[in-house]
Structure formats: structure tokens, C-alpha cells
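This report describes how two chains meet in one model. Please consult the sequence and the structure shown below while reading.

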Amino acid sequence: MGKGHQIRKHQTTVGGRHLVQTAEAVTMVFARRDFLHLTLGAVACASVLSAALALNYPTRPVTIIVPFAAGGPADITGRIVGEQLAKRLGQQFIIENVNGAGGTIGATRAARATPDGYTLIIGHMGTHAAAPALYPDLAYDPAEDFAPIGLVAEFPEVLVTRKDFSGPDAEGFRRLCEG
Amino acid sequence: MAHAGVGSVSYVGCLLLNTAIGIKPTLVPFTGSAPATNALMAGQVDYFCDPIIGQLAQISAGNVHALAIAAAARHPLLADVPTAAEEGLPQFNIAPFFALFAPKGTPQSVVDVLAAALNQTLDDPVASKRFAELGAAIAEKGRRGPAPLNALVKSEIARLTPILKAAAQK
């Protein structure tokens with residue numbers, strides 16, 4: 001925790017706001033060309049800083065939102081990935097189950113979270129492909145509001161029927177469905 | 001037809017099935033896969049589509065009947081269950097993707113760190129064994145990382161949107 005605190009403090013002192021103030025003060029005195037140089041310098045400084053911060057990432061626990069109940073495939077996927085990332089990146093990855101509305105509540109929260117790498121989400125075909133067709137008032141755009149990290153796995157589905165409701169094959173199933 | 005909530009993978013999967021067969025059954029919502037399976041076992045609903053992992057125990061106990069796998073090939077954990085394509089329903093092909101995302105605007109350098117660690121995860125024998133036990137297929141090498149996932153999200157939205165909109169019309 002102490003390490004993360006230090007970094008944030010560092011960011012406030014050296015980061016954007018301080019640099020912008022410096023640039024404003026200096027323009028009043030120096031010529032336009034000097035200002036340009038200074039601005040470019042500030043931009044370079046900022047990107048070096050962001051790279052340095054990323055080298056340290058993660059410096060505190062990361063939350064993975066699972067937008068479904070514990071025990072389901074999204075939850076199990078999140079837990080396997082969380083354990084592995086924790087082992088590889090040396091920080092805790094905490095699973096937070098945010099259930100409801102077909103996963104769209106959790107996905108909305110993730111879309112609006114601070115984009116600093118400390119809130120992630122296990123999304124799936126429902127939250128990130130089917131939702132726009134099913135929820136006209138969806139508060140996020142699955143294709144535009146996220147930075148994809150990577151596909152984890154695919155879980156093929158099986159059609160199951162109650163024991164006494166099944167034709168011997170799909171044609172029998174179709175006839176039963178049609179009554 | 002039982003489902004685990006509008007937008008769940010069971011809902012989307014069974015709507016693809018209904019569209020393939022050309023039926024419009026009563027859709028019965030449950031709060032998750034477990035209560036839907038309980039209702040199926042109790043005979044309160046007729047059928048349900050679910051990732052294989054959710055049904056393995058009940059299939060092997062004989063509490064539900066497995067009719068078809070919604071994939072191109074038979075599944076090693078359910079080798080005696082035919083594929084939907086074998087049953088003449090190739091359109092009922094659904095293996096929902098599960099993927100890791102960050103909010104938009106997350107620094108590229110952080111995305112890179114996470115993508116590299118996720119890539120190592122998928123090569124890890126412990127993790128891949130666990131996914132195999134769950135009946136899941138981990139992302140093949142060529143489909144890993146941000147760009148393939150971005151393309152997958154867009155192509156799945158394009159594939160599912162017309163089917164779901166048509167199926168939802170009464």
C-alpha cells in the first residue's frame with residue numbers, strides 16, 4: 001500500500017497540472033517559439049511519466065468485476081484468471097460479483113470505472129455482444145467503451161431437456177415443441 | 001424454455017436454437033443456471049441451453065437428458081452426445097466467449113502488461129487443465145490479445161443482433 005501512495009503523490013506533484021501551470025507562467029515572458037519548445041518538453045515528460053507508472057503497475061490490489069453470481073462460468077473464469085494474474089504481477093486480484101440485469105449492471109459499472117488498470121471485468125457474449133439487441137436503454141457500448149485485453153476461453157453449450165421430454169433426436173424434439 | 005435471465009448465455013443460446021427450429025416457446029426466466037436446472041429436473045420446464053459445465057453432473061446422474069452439443073465437434077466430456085450439426089441443426093452453434101476487458105482510456109502500457117500476463121496464463125498447464133475440466137476451450141494463440149478480441153466483439157454483435165431482435169418480436 002505504501003508504494004502505491006508514494007506513486008500517486010509523485011503524480012500530483014510532477015504530473016499534468018503542475019506542468020501546465022509552469023507553461024502558462026512562462027509564456028508571458030518568453031517568445032512563442034520558446035513556448036512551443038516548452039510545451040513539447042512537457043508532453044515528452046508526461047509520456048515518460050506514464051510509462052514509468054506502467055512499469056510499476058500494479059502497485060495496489062486490482063478488482064475484477066464478474067457481472068454474474070458466484071459459481072457460474074463467468075465467476076470461475078474470473079477466479080482462475082485472477083489467481084494467475086496475481087501470481088504473475090505480484091498483487092492481489094479481487095473478484096467482485098456484481099449480479100443483475102443479464103450482467104449489464106456490472107458491465108455498466110466497469111465501463112464507468114476510472115481507466116487506470118485497477119478495475120477490470122470478465123465480459124462475455126451476453127454483456128459484450130447480445131446486450132445491445134436486448135436492452136434498448138443500455139448504458140454502455142460494448143464495442144466502444146472498453147479496452148479489450150484478451151479472449152480467455154469459450155464454453156460450448158449443450159441442449160438439455162427434462163428426462164421425459166425428448167424425441168430421440170432433434171427432429172423428435174421439434175415435433176414435441178410443436179405439440 | 002428455461003433461461004437464466006435476458007442476456008444470459010443460456011437465453012442467447014436457446015434463442016438461436018428456437019430460430020433454427022422455427023419455434024416460439026414460452027420463455028421462463030430464472031435468476032441463474034442452478035435454479036433453471038432445478039426446475040428442469042422437477043419437470044416444470046421442458047428444455048434449457050447451458051454451457052456444458054453447468055449440466056455435466058445432472059447429465060451423468062441421469063436427471064436431465066442431453067440432446068445436442070452446440071458446437072462443430074463432439075465434446076470429450078460428453079462423447080456420446082451428438083452435435084447439433086449431426087442432428088441437422090448447424091445454425092445452433094454457440095460457444096459463448098469469456099474475455100477480460102478494462103474501461104476505455106486505460107493506458108496502453110497497462111493493457112500491454114495485462115495482455116502479456118493473460119497470454120502466459122493461457123499457456124499455464126494448471127490453468128489450461130482447469131479450463132479443460134470445465135469443458136471450455138482456451139483461446140488459441142492466434143486469437144489472443146486486444147486486437148482479436150476487439151474483432152470478435154464486433155463480429156458477434158453483427159451476428160447476434162438480427163437474430164435476437166427477430167426472436168424477441170412476438
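## Strands across the boundary

In which sense do strand E5 of chain A and strand E4 of chain B pair? Strand E5 (residues 157-162) of chain A and strand E4 (residues 64-69) of chain B pair in the antiparallel sense, over 5 bridges. Within this pair, A:Arg162 has B:Val64 as its bridge partner. Two strands count as paired if DSSP finds at least two bridges between them; helices (H or I, at least four residues) and strands (E, at least two) are DSSP runs numbered from the N terminus.

The model is predicted: local features need pLDDT of at least 70, side-chain atom pairs count only at pLDDT 80 or more, and totals for chains, interfaces and linings use all residues. Residues are numbered from 1 along each chain as its sequence is written, while chains are lettered from A and ligands numbered from 1 in the order in which they are written.

## The mixed sheet

An open sheet of 6 strands has the order E2(A)-E1(A)-E3(A)-E5(B)-E4(A)-E6(B), with mixed pairing. Its edge strands, each pairing on one side only, are E2 (93-97) of chain A and E6 (137-138) of chain B. Strand E4 (residues 146-154) of chain A runs antiparallel to strand E5 (residues 97-103) of chain B, joined by 7 bridges; there, A:Leu151 is partnered with B:Ala99.

## The interface

On chain B, 92 residues are in contact with 71 residues of chain A (C-beta atoms, placed from the backbone, within 7 Å). Helix H6 (residues 146-168) of chain B supplies the largest share of the chain B side, 13 residues.

Key: Two residues are in contact if their C-beta atoms, placed from the backbone, lie within 7 Å.
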